[in-house]
Amino acid sequence: MAGIELRNINKIYGNSFHALHDLSFDIMDGEFMVFVGPSGCGKSTALRMIAGLETISSGELKIGDRVVNDVDPKDRDIAMVFQSYALYPHKTVRENIAFPLLMAGLPKAEIDSRVNEAARILELTTLLDRKPALLSGGQRQRVAMGRAIVRKPAAFLMDEPLSNLDAKLRVQMRAEIASLQRKLNVTTIYVTHDQVEAMTMGDRVAVMKGGVLQQVDTPQQLYARPTNIFVAAFIGSPSMNLYEAVLNGRTLTLGSNSFEIPDQVFEYRPSLNGASNRQVIVGIRPEHMNDAAIRPSSAEISAPVTLVEALGSESMVHLNIDASWVDAGDPDAVADISDEKAAVARFSPKSTVRAGDIARIAVDAEELHFFEPDTRASIW
Amino acid sequence: MHRVSRPNLSGVLINAAALVLVLSYALPYIYLLMTSIKPAADVQQIPPSFFPAVISFENFREVLQSSTLPKAFINSLTVAVLTTALSLMVAVPAAYVATQYRRRITTFFLLFALVTRMVPSVSLGVPLFQLLKSMGLLDTLPGLVLAHTSAAVPLALLLMSAFFEGVPKELEEAARMDGCTRFEAFRKIILPIMTGGIAVTALFTFITSWNEFLYALLLTSESTKTAPIVIAEYNSVYGLAWGAMTAAAVLYSLPVIIVTLALQKQIVGGLTFGAVKG
């Protein structure tokens, strides 16, 4: 086991495309680190550079105490699980899992015992003599995991390993991978574009966009203290609602609505103090907007309801807030089904609002996020 | 409601069309076979008969007892086997690199291979003759193997490239992560899953060399003649030995038929390749 250090890592391709810009952070020994971001953000490139499958244009990569920039993948002591699983189709499950041990030149008895142990952990014992073509997607995924864990490597690299599974199996495997990682306590880097996977699995999450690291932090911190508008909108589902607003003293004007901001907001965002007609981008998470008829608040706004999605445990209420909507810059963001500029609020299922109503919405004003309109960075 | 079973008209038409197609391919060969087992005197009878009145193997006896044909067979076999081996040794790794490490230069390389297939053999025959002469390889088996390899490699390269296109890049990467060098990954993982493709390529290369006539005619004389040349020589200024010629032709076609039947499974597997993703 070992930690991994990235220092000013850059990747520039032959066609001068700059895929990664000065990537720097440490991954601690035994940590579960998730790289997350929209497609093309460089997360897989970063993983492949750590694996040794892509060259490093500049910067320094350390695994343990060793600089591995020019070390072959086979000599880096890391195992990788691929999105397509990359199982060897001509080998049985047993031979697939045993292959890295065979290459390492381990004695047969040791190989057998390790393969059997990995198969037991992953519940593959009865499938050991089958070829990959005869396995289901979930079983193939387990074999790919088996091939990685059997080696007891310094680190695991996983490149979207669950994206080929159906939604139900994905949730199950998500929990299994996370618990396996805790049990084995091996440093793990996990790449995904799914922020739910990132938040539920990672000890820490590195959010990337356009080849630039946006923030590395624990899931809780990413949610509570996003560094910029992109991270704020990327983390959380549905996304944070972002609008242009004006702050004057303690009064926030959001379109035709105005309400008072509580004192505690100014305590942890001191630079907002003494604002006079200050343009800001305000971020409101869906869970911080409630039906004022059920949970009244001192900060209320009203907006027409365009759509109500009743999910049983909660209702997603789409609102047409009359302020300027702000795009967070996520290229993968799915346009809202009713109107891409609609706000989404997470109401209690007891709410009786219907599409076409003008809803009164109670805003948890102490949970608001503020961003600079120019730099799009959080205002603290 | 009980459905009255009727002959399926479209099925009948398809089968009839297939039968016509098969016969159009098979008839000349069947005629060759029939002629080869006719007694020498019956071969040139007027009007000709399709089936032999008497079955006789005297044509086969004649060609097998001749001094030239058995030796020509051995020459043909030697040249075809060596050409196949050499072509695969060159084309398999080259096609792998050209498809898996795609660059502008590798695309050009494959395109160039395709272009060389377009040049008529006869245009290449004369320079090949000069080249082999200057190397002292004229009328030698190694010389003919080199000539055949030059013709077979582009075909093998194109075939193998098509097969390698279906191999996911992750397989080599997974093998490298599992402790292989690039070459070990190629040898231990990629090659074993390509046996179907390699079998098909080997067969086509073998047939290319086995059937080749022009280079063999230009580049060999007495000692290294291959079977197609000897068979053609039954039609000479001294007369046309139909019986012997057809018997030799039947014998000459047998190895290809046997090899094709033996490799049938791999050929079908190779031609329907693309299901590597375990």
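Predicted model: local features only at pLDDT ≥ 70, side-chain atom pairs only at ≥ 80, totals over all residues.
In chain A, an open sheet is built from 4 strands in the order 2-1-4-5, with antiparallel pairing. Its edges are formed by strand 2 (18-27) and strand 5 (66-67) of chain A, each of which pairs on one side only. Strand 1 (residues 4-12) of chain A runs antiparallel to strand 2 of chain A, and 6 bridges join the two. Within this pairing, Ile4(A) has Ile27(A) in strand 2 of chain A as its bridge partner.

A further antiparallel pair in chain A consists of strand 17 (residues 315-319) and strand 18, connected over 5 bridges. His318(A) lies opposite Val344(A), a residue of strand 18 of chain A. Strand 18 (residues 343-347) of chain A is largely enclosed by the rest of the structure, because 4 of its 5 residues are buried.

In chain B, helix 7 (residues 141-165) comprises 25 residues. The distance from its first C-alpha to its last is 34 Å, close to the 36 Å expected at 1.5 Å a residue.

Between the chains, 20 residues of chain A are in contact with 17 residues of chain B. On the side of chain A that touches chain B, strand 6 (78-81) and helix 2 (93-103) of chain A are the elements giving two or more residues. Helix 2 of chain A supplies the largest share, 3 residues. By residue class, this side of chain A divides into 16 nonpolar, 2 polar and 2 charged residues.

Technical notes
Residues numbered from 1 in each chain as written. Chains lettered and ligands numbered in written order. Buried ≥ 20, exposed ≤ 12 C-beta atoms within 10 Å, placed from the backbone. Pairing = 2+ DSSP bridges. Expected span 1.5 Å × (residues − 1). Contact = placed C-beta atoms within 7 Å. Nonpolar A, V, L, I, M, F, W, Y, C, P; charged D, E, K, R; others polar.
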